[in-house]
Amino acid sequence: MGFIGDQVESIRSMQVRQVLAQIISLGMIVTSALIIWKGLIVATGSESPVVVVLSGSMEPGFKRGDILFLRMSKEPIRTGEIVVFNVDGREIPIVHRVIKVHERQESAEVDILTKGDNNFEDDRLLYAHGELWLQQHHIMGRAVGYLPYVGWVTIVMTEKPIIKYLLIGALGLLVIMSKD
C-alpha cells in the first residue's frame, strides 16, 4: 500500500478514545506554549518579549532574521539604547536606536527620536502623520539580548504561508498519529 496508505489505515484503526487523547495532547501543547508566552510577558514587562528583525535598517548591529529579547523597565530611556516601538496606524513594530531624548520639565513626559543604524535619516517619516517624536506609550521594550539568524524561520513562514500551513499540518498529524 505504501507509506501514506499505511498511515491512513493506522488512523482508521485507532479507537475514538485514542483519537480524543491525541487531540487533547495537541491542545495541551498549544496551551503550554501560550502559558509560557504570557509568563514571559509578565516577567519582562513587555507586551512582546521576543521580536524578529525584519529589515536591514539596524545592520551591522542586528541583521534581518535576528531574534531580539526585550525588557521594559521603569528606568528612563536614554540615548543610544535600542528600542522596539509601535507607531499608530502600523501593524509591525520597528527596531531602532534612540538618538535623542527630550525631557519636558513641566509634565515629566519624555519625547524620543529614533533612527536605524543603517538609515541616513531619523524616523520622523515613519511616525504617525503629524508626530515628530515618540512618547513612552509607543515603546514596547528595550533590546537586552539577541540570537542571530534564528528568526529566519518566522520570516520564511510569513513570506511563504504555504510552508507555515504544511508545517502546522505535519506537526498536527504527527501528534495525532503517535501511539504513545
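Me: What makes a run of residues a helix or a strand here?
Reply: Helices are DSSP runs of H or I with at least four residues, and strands are runs of E with at least two. Both are numbered from the N terminus. This is a predicted model. Tyr149 sits in the loop between strand 6 and helix 3 (152-159).

Me: Why is Leu134 called buried?
Reply: The cut-off for buried is under 20% relative accessible area. Leu134 has 1%, so it counts as buried. Leu134 is placed in the loop between strand 5 and strand 6.

Me: What is Leu134 in contact with, neighbours within four places in sequence left aside?
Reply: Phe85, Val110, Asp111, Ile112, Thr114, Tyr127 and Ile139. Contact needs heavy atoms within 4.5 Å. As for Val42, its C-alpha atom is 24 Å from that of Leu134, and the two are 92 residues apart along the chain.

Me: What makes a set of residues a nonpolar core, and how many residues has the largest one?
Reply: Members must be buried, come from a list of residue types that includes Ile and Phe, and be joined through side-chain atoms within 4.5 Å. The largest such core has 14 residues. Phe85, Ile112 and Ile139 have the most contacts inside it.

Me: Which strands each supply at least two residues of this core?
Reply: Strand 3 (82-85), strand 4 (94-103) and strand 5 (110-115). The largest share, three residues, comes from strand 5.

Me: Which residues are in contact with Phe85, beyond its neighbours within four places in sequence?
Reply: Among them are Pro93, Ile94, His96, Tyr127, Leu134 and Ile139. A second, separate core has 10 residues, including Val51, Met58, Phe62 and Ile82.

Me: How many salt bridges does the structure hold?
Reply: Six. Side chains of opposite charge can pair when their charged atoms come close.

Me: How do you know that Arg78 and Glu103 form a salt bridge?
Reply: The test is a side-chain nitrogen of Lys or Arg within 4 Å of a carboxyl oxygen of Asp or Glu. Here N to O is 3.1 Å, so the pair passes. Arg78 lies in the loop between strand 2 (67-71) and strand 3, Glu103 in strand 4, and 25 residues separate them.

Me: What parts of the chain does the pair of Glu81 and Arg142 tie together?
Reply: Their side chains meet in a salt bridge at 3.3 Å, N to O. Glu81 is in the loop between strand 2 and strand 3 and Arg142 is in strand 6 (residues 139-147), so the pair ties together parts 61 residues apart in sequence.

Me: What are the domains of the protein chain, and how far apart are their C-alpha centres?
Reply: The domain assignment gives domain 1 (50-148) and domain 2 (149-179). Their C-alpha centres lie 30 Å apart. The contact takes 10 residues from domain 1 and seven residues from domain 2.

Me: How much area do domain 1 and domain 2 bury between them?
Reply: About 720 Å², with 63% of it on carbon and sulfur atoms. Arg64, Gly65 and Pro148 supply 59% of the area that domain 1 buries against domain 2.

Me: What is the count of salt bridges between domain 1 and domain 2?
Reply: One. Elsewhere in the list, Glu159 forms a salt bridge with Arg64, with the closest N and O atoms 2.4 Å apart. That is within 4 Å, so the pair qualifies. Seven residue pairs are in polar contact across the interface.

Note on methods:
Residues are numbered from 1 along each chain as its sequence is written. This is a predicted model: local features need pLDDT of at least 70, side-chain atom pairs count only at pLDDT 80 or more; totals for chains, interfaces and linings use all residues. Side-chain values use heavy atoms; hydrogens and water are left out. Buried means under 20% relative accessible area, exposed over 50%, partly exposed in between (1.4 Å probe, protein chains only). Domain bounds come from an automatic or database domain assignment. Buried area is the accessible area (1.4 Å probe) that two parts lose on being put together, summed over both. A polar contact is a pair of N or O atoms within 3.5 Å; within protein, one must be able to donate a hydrogen and the other to accept it, and residues adjacent in sequence count only if both atoms are side-chain atoms.
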